[in-house]
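Student: Hi! Could we go through this structure together, bit by bit?

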Amino acid sequence: MGKQLFVIGLGLIGGSLALAVKKDHPDTHVTGYDLNKNVMKAAISLGVINESAPSIEEGARHADLIIVAAPVKETIEILRELSSLPLKEEAIITDVGSTKKAICEASHVFDHVSAHFIGGHPMAGSHKSGVEAAKSHLFENAYYIITPVKETDARAVIQLQNWLKGTKARFIQLTPGNHDFFAGMVSHFPHIVASGLVHQLKEEGEKEPVLNNLAAGGFRDITRIASSSPVMWRDILLSNRDVLLGLIDKWQEEMNKVKGYIEKEDAERLFEFFDVAKQSRDALPVRKKGAIPSFYDLYVDVPDHPGVISDVTAILAKKQISITNIRILETREDIMGVLRLSFRSENDQLLAKEQLTKHMYEAYESP
Ligand SMILES: NC(=O)C1=CN([C@@H]2O[C@H](COP(=O)(O)OP(=O)(O)OC[C@H]3O[C@@H](n4cnc5c(N)ncnc54)[C@H](O)[C@@H]3O)[C@@H](O)[C@H]2O)C=CC1
Ligand SMILES: O=C(O)C(=O)Cc1ccc(O)cc1
(Lines give C-alpha, C1' and ligand atoms only; values in the text may rest on other atoms or scores of the structure.)
(Ligands and ions follow the chains in the order given, each with its own letter.)
Protein backbone atom coordinates (compact mmCIF):
# COMPACT_ATOMS: atom_id res chain seq x y z
CA MET A 1 0.00 0.00 0.00
CA GLY A 2 1.18 3.54 -0.83
CA LYS A 3 1.58 6.35 1.64
CA GLN A 4 -1.35 7.91 3.45
CA LEU A 5 -2.44 11.53 3.46
CA PHE A 6 -5.02 12.81 5.90
CA VAL A 7 -6.63 16.21 5.25
CA ILE A 8 -8.61 17.91 8.01
CA GLY A 9 -10.89 20.66 6.63
CA LEU A 10 -11.95 19.90 3.09
CA GLY A 11 -12.48 23.40 1.73
CA LEU A 12 -10.84 25.35 -1.06
CA ILE A 13 -7.32 24.97 0.31
CA GLY A 14 -7.54 21.47 1.83
CA GLY A 15 -9.26 20.18 -1.31
CA SER A 16 -6.76 21.83 -3.65
CA LEU A 17 -3.79 20.46 -1.71
CA ALA A 18 -5.29 16.96 -1.67
CA LEU A 19 -5.63 17.11 -5.46
CA ALA A 20 -2.12 18.50 -5.94
CA VAL A 21 -0.49 15.87 -3.69
CA LYS A 22 -2.38 13.10 -5.44
CA LYS A 23 -1.20 14.37 -8.83
CA ASP A 24 2.46 13.93 -7.93
CA HIS A 25 2.00 10.90 -5.64
CA PRO A 26 -0.74 8.91 -7.38
CA ASP A 27 -0.35 5.90 -5.08
CA THR A 28 -1.19 7.94 -2.02
CA HIS A 29 -4.40 7.06 -0.26
CA VAL A 30 -6.22 10.26 0.71
CA THR A 31 -8.51 10.31 3.72
CA GLY A 32 -10.45 13.42 4.65
CA TYR A 33 -12.30 14.77 7.64
CA ASP A 34 -14.55 17.80 7.84
CA LEU A 35 -16.95 18.98 10.52
CA ASN A 36 -19.58 19.14 7.83
CA LYS A 37 -20.64 15.66 6.66
CA ASN A 38 -22.02 16.99 3.37
CA VAL A 39 -18.61 18.44 2.58
CA MET A 40 -17.05 14.99 3.07
CA LYS A 41 -19.63 13.47 0.72
CA ALA A 42 -18.96 16.16 -1.88
CA ALA A 43 -15.18 15.65 -1.53
CA ILE A 44 -15.58 11.95 -2.29
CA SER A 45 -17.83 12.49 -5.28
CA LEU A 46 -15.51 15.17 -6.67
CA GLY A 47 -12.57 12.74 -6.39
CA VAL A 48 -10.77 15.01 -3.91
CA ILE A 49 -10.42 12.26 -1.29
CA ASN A 50 -10.63 8.46 -1.47
CA GLU A 51 -12.55 8.08 1.77
CA SER A 52 -13.79 10.02 4.74
CA ALA A 53 -12.75 9.37 8.34
CA PRO A 54 -15.33 9.11 11.15
CA SER A 55 -13.08 11.20 13.42
CA ILE A 56 -9.75 12.98 13.52
CA GLU A 57 -8.38 10.16 15.64
CA GLU A 58 -9.30 7.50 13.07
CA GLY A 59 -7.95 9.48 10.12
CA ALA A 60 -4.71 10.48 11.82
CA ARG A 61 -3.70 7.05 13.11
CA HIS A 62 -2.07 5.72 9.91
CA ALA A 63 -1.26 8.98 8.16
CA ASP A 64 2.25 9.83 6.92
CA LEU A 65 1.24 13.42 6.22
CA ILE A 66 -1.54 15.34 7.98
CA ILE A 67 -2.67 18.64 6.48
CA VAL A 68 -4.80 20.82 8.73
CA ALA A 69 -6.75 23.17 6.44
CA ALA A 70 -9.37 24.63 8.76
CA PRO A 71 -9.85 28.28 9.81
CA VAL A 72 -7.02 29.61 12.00
CA LYS A 73 -8.78 29.32 15.38
CA GLU A 74 -9.95 25.77 14.70
CA THR A 75 -6.45 24.86 13.50
CA ILE A 76 -5.04 25.58 16.96
CA GLU A 77 -7.67 23.35 18.59
CA ILE A 78 -7.04 20.58 16.06
CA LEU A 79 -3.27 20.69 16.69
CA ARG A 80 -3.93 20.27 20.42
CA GLU A 81 -6.14 17.28 19.71
CA LEU A 82 -3.63 15.72 17.31
CA SER A 83 -0.79 15.99 19.82
CA SER A 84 -2.71 13.77 22.24
CA LEU A 85 -3.48 11.06 19.68
CA PRO A 86 -1.51 7.98 18.64
CA LEU A 87 0.29 9.05 15.44
CA LYS A 88 2.84 7.39 13.19
CA GLU A 89 6.32 8.01 14.56
CA GLU A 90 7.66 9.92 11.57
CA ALA A 91 4.37 11.57 10.61
CA ILE A 92 4.56 15.14 9.33
CA ILE A 93 1.84 17.57 10.32
CA THR A 94 1.38 20.85 8.55
CA ASP A 95 -1.25 23.57 8.36
CA VAL A 96 -2.23 26.24 5.83
CA GLY A 97 -3.40 29.04 8.11
CA SER A 98 -3.06 32.61 6.86
CA THR A 99 -1.28 33.63 10.07
CA LYS A 100 1.61 31.73 11.55
CA LYS A 101 2.71 33.14 14.92
CA ALA A 102 -0.23 31.91 17.00
CA ILE A 103 -0.28 28.55 15.21
CA CYS A 104 3.47 27.97 15.53
CA GLU A 105 3.33 28.90 19.21
CA ALA A 106 0.53 26.39 19.70
CA SER A 107 2.57 23.77 17.82
CA HIS A 108 4.88 23.38 20.84
CA VAL A 109 2.36 20.74 21.92
CA PHE A 110 4.33 18.49 19.55
CA ASP A 111 7.66 19.09 21.29
CA HIS A 112 7.46 15.79 23.17
CA VAL A 113 5.98 13.77 20.33
CA SER A 114 8.00 12.07 17.61
CA ALA A 115 5.81 13.44 14.81
CA HIS A 116 6.97 16.76 13.30
CA PHE A 117 4.89 19.89 12.89
CA ILE A 118 5.92 22.38 10.17
CA GLY A 119 3.77 25.47 9.66
CA GLY A 120 2.86 26.44 6.12
CA HIS A 121 0.92 29.04 4.17
CA PRO A 122 0.24 28.76 0.46
CA MET A 123 -0.02 32.39 -0.64
CA ALA A 124 -2.67 31.86 -3.23
CA GLY A 125 -6.32 31.31 -3.06
CA SER A 126 -9.49 32.87 -4.17
CA HIS A 127 -12.44 34.82 -2.88
CA LYS A 128 -14.33 31.57 -3.39
CA SER A 129 -14.41 28.93 -0.71
CA GLY A 130 -15.51 25.33 -0.37
CA VAL A 131 -14.42 22.05 -1.89
CA GLU A 132 -16.32 22.71 -5.13
CA ALA A 133 -13.82 25.48 -5.93
CA ALA A 134 -10.78 23.25 -5.25
CA LYS A 135 -8.34 22.74 -8.10
CA SER A 136 -5.01 20.98 -8.28
CA HIS A 137 -3.25 23.91 -9.97
CA LEU A 138 -4.41 26.58 -7.48
CA PHE A 139 -0.88 27.07 -6.15
CA GLU A 140 1.10 26.89 -9.38
CA ASN A 141 3.91 29.49 -9.23
CA ALA A 142 2.52 30.91 -6.00
CA TYR A 143 4.76 31.49 -3.00
CA TYR A 144 4.33 28.79 -0.39
CA ILE A 145 5.71 30.01 2.90
CA ILE A 146 7.11 27.47 5.34
CA THR A 147 7.81 28.55 8.91
CA PRO A 148 10.04 25.99 10.67
CA VAL A 149 10.89 26.96 14.23
CA LYS A 150 13.58 24.50 15.30
CA GLU A 151 16.88 23.47 13.73
CA THR A 152 15.74 19.87 13.95
CA ASP A 153 12.88 20.72 11.58
CA ALA A 154 15.22 20.71 8.54
CA ARG A 155 14.62 17.11 7.50
CA ALA A 156 10.85 17.37 7.88
CA VAL A 157 10.88 20.55 5.76
CA ILE A 158 12.52 18.67 2.89
CA GLN A 159 10.02 15.83 3.25
CA LEU A 160 7.10 18.27 3.35
CA GLN A 161 8.29 20.08 0.22
CA ASN A 162 8.63 16.75 -1.50
CA TRP A 163 5.06 15.85 -0.56
CA LEU A 164 3.87 19.21 -1.91
CA LYS A 165 5.89 19.18 -5.16
CA GLY A 166 2.71 18.69 -7.19
CA THR A 167 1.52 22.16 -6.17
CA LYS A 168 4.33 23.60 -8.37
CA ALA A 169 4.54 26.35 -5.78
CA ARG A 170 7.69 28.28 -4.88
CA PHE A 171 8.70 27.45 -1.34
CA ILE A 172 10.30 30.05 0.88
CA GLN A 173 11.10 29.95 4.57
CA LEU A 174 10.27 32.77 6.97
CA THR A 175 10.06 33.13 10.73
CA PRO A 176 6.43 33.11 11.90
CA GLY A 177 6.77 36.77 12.99
CA ASN A 178 8.10 37.96 9.63
CA HIS A 179 5.43 35.93 7.90
CA ASP A 180 2.66 37.66 9.82
CA PHE A 181 4.07 41.10 9.15
CA PHE A 182 4.51 40.46 5.42
CA ALA A 183 1.14 38.74 5.01
CA GLY A 184 -0.47 41.55 7.02
CA MET A 185 0.95 44.08 4.61
CA VAL A 186 0.18 42.43 1.28
CA SER A 187 -2.93 40.42 2.07
CA HIS A 188 -4.69 41.03 5.38
CA PHE A 189 -4.64 44.82 5.43
CA PRO A 190 -5.74 45.16 1.77
CA HIS A 191 -8.80 43.08 2.71
CA ILE A 192 -9.72 45.62 5.38
CA VAL A 193 -9.40 48.46 2.88
CA ALA A 194 -11.44 46.62 0.22
CA SER A 195 -14.24 45.86 2.66
CA GLY A 196 -14.10 49.43 4.00
CA LEU A 197 -14.62 50.80 0.50
CA VAL A 198 -17.60 48.53 0.02
CA HIS A 199 -19.10 49.75 3.30
CA GLN A 200 -18.69 53.32 2.15
CA LEU A 201 -20.49 52.56 -1.09
CA LYS A 202 -23.23 50.58 0.64
CA GLU A 203 -24.23 53.49 2.83
CA GLU A 204 -24.50 55.93 -0.05
CA GLY A 205 -25.80 53.30 -2.50
CA GLU A 206 -28.86 52.79 -0.32
CA LYS A 207 -29.75 56.46 -0.79
CA GLU A 208 -28.69 56.66 -4.43
CA PRO A 209 -29.09 53.25 -6.12
CA VAL A 210 -27.51 54.50 -9.36
CA LEU A 211 -24.19 54.54 -7.45
CA ASN A 212 -24.19 50.75 -7.41
CA ASN A 213 -24.39 50.65 -11.19
CA LEU A 214 -21.62 53.20 -11.54
CA ALA A 215 -19.44 51.04 -9.31
CA ALA A 216 -19.44 48.23 -11.85
CA GLY A 217 -15.97 48.89 -13.32
CA GLY A 218 -12.75 49.75 -11.47
CA PHE A 219 -14.46 49.77 -8.09
CA ARG A 220 -15.56 46.19 -8.62
CA ASP A 221 -12.02 45.18 -9.54
CA ILE A 222 -10.28 46.69 -6.53
CA THR A 223 -12.90 45.40 -4.10
CA ARG A 224 -13.09 41.84 -5.46
CA ILE A 225 -11.45 40.42 -2.34
CA ALA A 226 -14.27 41.85 -0.19
CA SER A 227 -16.31 38.85 -1.44
CA SER A 228 -14.17 36.42 0.58
CA SER A 229 -15.38 34.35 3.52
CA PRO A 230 -16.26 36.62 6.50
CA VAL A 231 -15.52 33.84 9.02
CA MET A 232 -12.06 33.29 7.64
CA TRP A 233 -11.20 37.00 7.58
CA ARG A 234 -12.58 37.61 11.06
CA ASP A 235 -10.24 34.93 12.39
CA ILE A 236 -7.27 36.18 10.39
CA LEU A 237 -7.67 39.72 11.74
CA LEU A 238 -8.04 38.48 15.30
CA SER A 239 -4.89 36.41 15.07
CA ASN A 240 -2.75 39.12 13.46
CA ARG A 241 -3.93 41.85 15.81
CA ASP A 242 -0.73 43.78 16.56
CA VAL A 243 0.52 43.88 12.98
CA LEU A 244 -2.85 45.09 11.72
CA LEU A 245 -3.25 47.73 14.42
CA GLY A 246 0.13 49.13 13.35
CA LEU A 247 -0.80 49.11 9.67
CA ILE A 248 -4.13 50.82 10.36
CA ASP A 249 -2.27 53.61 12.21
CA LYS A 250 0.09 54.07 9.27
CA TRP A 251 -2.83 54.10 6.84
CA GLN A 252 -4.60 56.75 8.87
CA GLU A 253 -1.43 58.87 8.80
CA GLU A 254 -1.22 58.41 5.04
CA MET A 255 -4.87 59.42 4.58
CA ASN A 256 -4.40 62.46 6.79
CA LYS A 257 -1.44 63.47 4.66
CA VAL A 258 -3.52 63.26 1.48
CA LYS A 259 -6.39 65.05 3.21
CA GLY A 260 -4.00 67.89 4.06
CA TYR A 261 -2.79 68.14 0.44
CA ILE A 262 -6.39 68.38 -0.81
CA GLU A 263 -7.34 70.93 1.86
CA LYS A 264 -4.33 73.07 0.95
CA GLU A 265 -4.90 72.46 -2.76
CA ASP A 266 -1.28 71.35 -2.91
CA ALA A 267 -1.19 70.17 -6.53
CA GLU A 268 2.52 69.42 -6.42
CA ARG A 269 2.27 67.09 -3.43
CA LEU A 270 -0.80 65.39 -4.87
CA PHE A 271 1.01 64.80 -8.14
CA GLU A 272 3.93 63.36 -6.19
CA PHE A 273 1.60 61.11 -4.19
CA PHE A 274 0.25 59.51 -7.36
CA ASP A 275 3.52 59.62 -9.28
CA VAL A 276 5.53 57.81 -6.59
CA ALA A 277 2.72 55.25 -6.24
CA LYS A 278 2.59 54.71 -10.01
CA GLN A 279 6.34 54.24 -10.25
CA SER A 280 6.41 51.79 -7.35
CA ARG A 281 3.43 49.88 -8.69
CA ASP A 282 4.94 49.71 -12.19
CA ALA A 283 8.24 48.48 -10.74
CA LEU A 284 6.67 45.57 -8.82
CA PRO A 285 7.87 42.22 -10.14
CA VAL A 286 5.55 40.88 -12.81
CA ARG A 287 2.92 38.87 -11.04
CA LYS A 288 3.54 35.17 -11.16
CA LYS A 289 1.07 34.82 -8.36
CA GLY A 290 1.08 36.15 -4.87
CA ALA A 291 -1.69 36.61 -2.44
CA ILE A 292 -3.87 37.16 -5.42
CA PRO A 293 -6.10 34.48 -6.83
CA SER A 294 -4.90 32.25 -9.56
CA PHE A 295 -6.63 33.63 -12.57
CA TYR A 296 -4.76 33.73 -15.85
CA ASP A 297 -5.91 37.06 -17.23
CA LEU A 298 -4.80 39.20 -20.13
CA TYR A 299 -5.80 42.80 -20.67
CA VAL A 300 -6.13 43.85 -24.28
CA ASP A 301 -6.49 47.39 -25.60
CA VAL A 302 -9.02 47.34 -28.38
CA PRO A 303 -10.52 49.96 -30.66
CA ASP A 304 -14.12 50.51 -29.68
CA HIS A 305 -15.93 49.32 -32.77
CA PRO A 306 -18.57 46.66 -33.32
CA GLY A 307 -17.11 43.25 -34.06
CA VAL A 308 -13.86 43.77 -32.19
CA ILE A 309 -14.65 41.06 -29.64
CA SER A 310 -15.28 38.51 -32.36
CA ASP A 311 -12.03 39.56 -34.09
CA VAL A 312 -10.10 38.89 -30.89
CA THR A 313 -11.83 35.60 -30.13
CA ALA A 314 -11.36 34.43 -33.73
CA ILE A 315 -7.58 34.94 -33.47
CA LEU A 316 -7.50 32.74 -30.38
CA ALA A 317 -9.98 30.16 -31.67
CA LYS A 318 -7.78 29.63 -34.72
CA LYS A 319 -5.03 28.42 -32.38
CA GLN A 320 -7.54 26.52 -30.22
CA ILE A 321 -6.86 28.68 -27.18
CA SER A 322 -10.01 28.69 -25.08
CA ILE A 323 -11.15 31.70 -23.13
CA THR A 324 -12.97 31.04 -19.86
CA ASN A 325 -14.32 34.57 -19.42
CA ILE A 326 -14.43 37.91 -21.24
CA ARG A 327 -15.20 41.27 -19.71
CA ILE A 328 -15.24 44.75 -21.18
CA LEU A 329 -13.55 46.79 -18.48
CA GLU A 330 -13.96 50.31 -19.78
CA THR A 331 -14.61 52.24 -22.90
CA ARG A 332 -13.03 55.62 -23.05
CA GLU A 333 -15.30 57.97 -24.98
CA ASP A 334 -15.47 56.27 -28.35
CA ILE A 335 -11.78 55.68 -28.82
CA MET A 336 -10.38 52.68 -26.96
CA GLY A 337 -11.61 49.99 -24.66
CA VAL A 338 -9.99 47.32 -22.53
CA LEU A 339 -10.97 43.68 -22.66
CA ARG A 340 -10.13 41.32 -19.86
CA LEU A 341 -9.73 37.77 -21.09
CA SER A 342 -9.38 34.89 -18.62
CA PHE A 343 -7.68 31.61 -19.46
CA ARG A 344 -7.52 28.23 -17.84
CA SER A 345 -3.75 28.02 -17.59
CA GLU A 346 -0.61 30.10 -17.69
CA ASN A 347 0.31 28.39 -20.93
CA ASP A 348 -2.94 29.49 -22.63
CA GLN A 349 -2.35 32.99 -21.31
CA LEU A 350 1.16 33.08 -22.81
CA LEU A 351 0.05 31.67 -26.17
CA ALA A 352 -2.81 34.17 -26.33
CA LYS A 353 -0.47 37.05 -25.63
CA GLU A 354 1.84 35.88 -28.39
CA GLN A 355 -0.99 35.58 -30.92
CA LEU A 356 -2.62 38.89 -30.06
CA THR A 357 0.69 40.74 -30.19
CA LYS A 358 1.34 39.16 -33.58
CA HIS A 359 -1.97 40.65 -34.73
CA MET A 360 -0.92 44.09 -33.46
CA TYR A 361 -3.00 44.12 -30.28
CA GLU A 362 -1.52 45.49 -27.07
CA ALA A 363 -1.89 42.62 -24.57
CA TYR A 364 -0.55 42.64 -21.00
CA GLU A 365 -0.89 40.60 -17.79
CA SER A 366 -1.64 43.34 -15.35
CA PRO A 367 -3.57 46.58 -15.91
N1 LIG B 1 -9.12 30.94 0.91
C2 LIG B 1 -7.92 31.34 0.64
O3 LIG B 1 -7.72 32.03 -0.33
C4 LIG B 1 -6.78 30.92 1.53
C5 LIG B 1 -7.01 30.40 2.79
N6 LIG B 1 -5.97 30.02 3.59
C7 LIG B 1 -6.22 29.44 4.91
O8 LIG B 1 -6.70 28.13 4.68
C9 LIG B 1 -7.60 27.74 5.71
C10 LIG B 1 -8.86 27.19 5.08
O11 LIG B 1 -9.40 28.13 4.21
P12 LIG B 1 -10.38 27.73 3.02
O13 LIG B 1 -10.02 26.40 2.48
O14 LIG B 1 -10.41 28.90 2.11
O15 LIG B 1 -11.75 27.66 3.79
P16 LIG B 1 -13.09 26.88 3.38
O17 LIG B 1 -14.18 27.58 4.08
O18 LIG B 1 -13.18 26.68 1.91
O19 LIG B 1 -12.86 25.46 4.06
C20 LIG B 1 -12.67 25.25 5.42
C21 LIG B 1 -13.25 23.89 5.76
O22 LIG B 1 -12.87 23.56 7.09
C23 LIG B 1 -13.97 22.93 7.71
N24 LIG B 1 -13.79 23.03 9.16
C25 LIG B 1 -13.97 24.10 9.96
N26 LIG B 1 -13.67 23.81 11.23
C27 LIG B 1 -13.31 22.50 11.24
C28 LIG B 1 -12.90 21.60 12.25
N29 LIG B 1 -12.78 21.99 13.53
N30 LIG B 1 -12.61 20.33 11.90
C31 LIG B 1 -12.73 19.92 10.61
N32 LIG B 1 -13.11 20.72 9.61
C33 LIG B 1 -13.39 22.00 9.93
C34 LIG B 1 -15.19 23.65 7.18
O35 LIG B 1 -16.36 22.88 7.33
C36 LIG B 1 -14.79 23.86 5.73
O37 LIG B 1 -15.22 22.80 4.90
C38 LIG B 1 -7.80 28.96 6.59
O39 LIG B 1 -7.00 28.82 7.74
C40 LIG B 1 -7.29 30.11 5.77
O41 LIG B 1 -6.73 31.10 6.59
C42 LIG B 1 -4.67 30.07 3.14
C43 LIG B 1 -4.40 30.54 1.89
C44 LIG B 1 -5.43 31.04 1.00
O1 LIG C 1 -5.53 37.96 -0.37
C2 LIG C 1 -5.99 37.60 -1.45
O3 LIG C 1 -5.77 38.27 -2.44
C4 LIG C 1 -6.86 36.44 -1.64
O5 LIG C 1 -8.01 36.57 -1.80
C6 LIG C 1 -6.30 35.07 -1.59
C7 LIG C 1 -5.68 34.70 -0.30
C8 LIG C 1 -6.44 34.65 0.84
C9 LIG C 1 -5.86 34.28 2.03
C10 LIG C 1 -4.53 33.99 2.08
O11 LIG C 1 -3.99 33.64 3.24
C12 LIG C 1 -3.75 34.02 0.94
C13 LIG C 1 -4.34 34.38 -0.26
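**Domains, sheet, core and ligand**

Tutor: The C-alpha centres of domain 1 and domain 3 lie 38 Å apart. Domain bounds come from an automatic or database domain assignment. This is a predicted model, where local features need pLDDT of at least 70, side-chain atom pairs count only at pLDDT 80 or more, and totals for chains, interfaces and linings use all residues. Residues are numbered from 1 along each chain as its sequence is written, while chains are lettered from A and ligands numbered from 1 in the order in which they are written.

Student: Okay, which domains does the assignment give?
Tutor: The assignment gives domain 1 (4-174), domain 2 (179-282) and domain 3 (296-364).

Student: And what's the order of strands in the sheet?
Tutor: The 8 strands run β3-β2-β1-β4-β5-β6-β7-β8 in an open sheet, with mixed pairing. Strands (E, at least two residues) and helices (H or I, at least four) are DSSP runs, numbered from the N terminus. Two strands pair if DSSP finds at least two bridges between them.

Student: Which strands stand at the edges?
Tutor: Those are β3 (51-52) and β8 (170-173). Each has a single partner strand, so one side of each has no neighbour in the sheet.

Student: How many bridges join β1 to β4?
Tutor: There are 4 bridges between β1 (residues 4-8) and β4, and the two run parallel. L5, for example, has L65 in β4 as its bridge partner.

Student: Which residues of β4 are buried on each side?
Tutor: L65 and I67 are buried on one side, I66 and V68 on the other, which leaves both faces of β4 covered. Buried means that 20 or more other C-beta atoms, placed from the backbone, lie within 10 Å of the residue's own; exposed means 12 or fewer, and partly exposed is in between. β5 has both faces covered as well, with I92 and T94 buried on one side and I93 and D95 on the other.

Student: New topic! How many residues are in the largest nonpolar core?
Tutor: It has 64 residues, and those with the most contacts inside it include V7, I8 and L17. Such a core is a set of buried Ala, Val, Leu, Ile, Met, Phe, Trp, Tyr and Cys residues joined through C-beta atoms within 7 Å. Helix α1 gives the most to this core, 7 residues. Domain 1 (4-174) and domain 2 (179-282) each supply at least three residues to this core. Another core, of 13 residues, lies apart from it, and L298, V312, F343 and A352 are among its members.

Student: What is V7 in contact with?
Tutor: Beyond its neighbours within four places in sequence, V7 is in contact with G14, L17, A18, V30, G32, I49, I67 and A69. Contact means C-beta atoms, placed from the backbone, within 7 Å.

Student: And how many residues surround ligand 1?
Tutor: 31 residues do, and the closest are G9, G11, S98, G125 and S129. A residue is near a molecule if its C-beta atom, placed from the backbone, lies within 6 Å of it. α1 (12-24), α4 (72-83), β6 (116-122) and α10 (230-239) are the elements giving two or more residues to this shell. The largest share, 4 residues, comes from α4.

Student: Which domains does the shell draw on?
Tutor: Domain 1 (4-174) and domain 2 (179-282) each give at least three residues.

Student: You mentioned α10. Which of its residues are buried?
Tutor: M232, D235, I236, L237 and S239 are. They pack against α4, α5 (101-106), α7 (176-207) and α11 (241-263).

Student: Last one: is A194 buried or partly exposed?
Tutor: A194, in helix α7, counts as partly exposed because 18 C-beta neighbours lie inside 10 Å. A194 and T223 are 29 residues apart in sequence and 4.7 Å apart in space, C-alpha to C-alpha.

Terms used
Contact = placed C-beta atoms within 7 Å.
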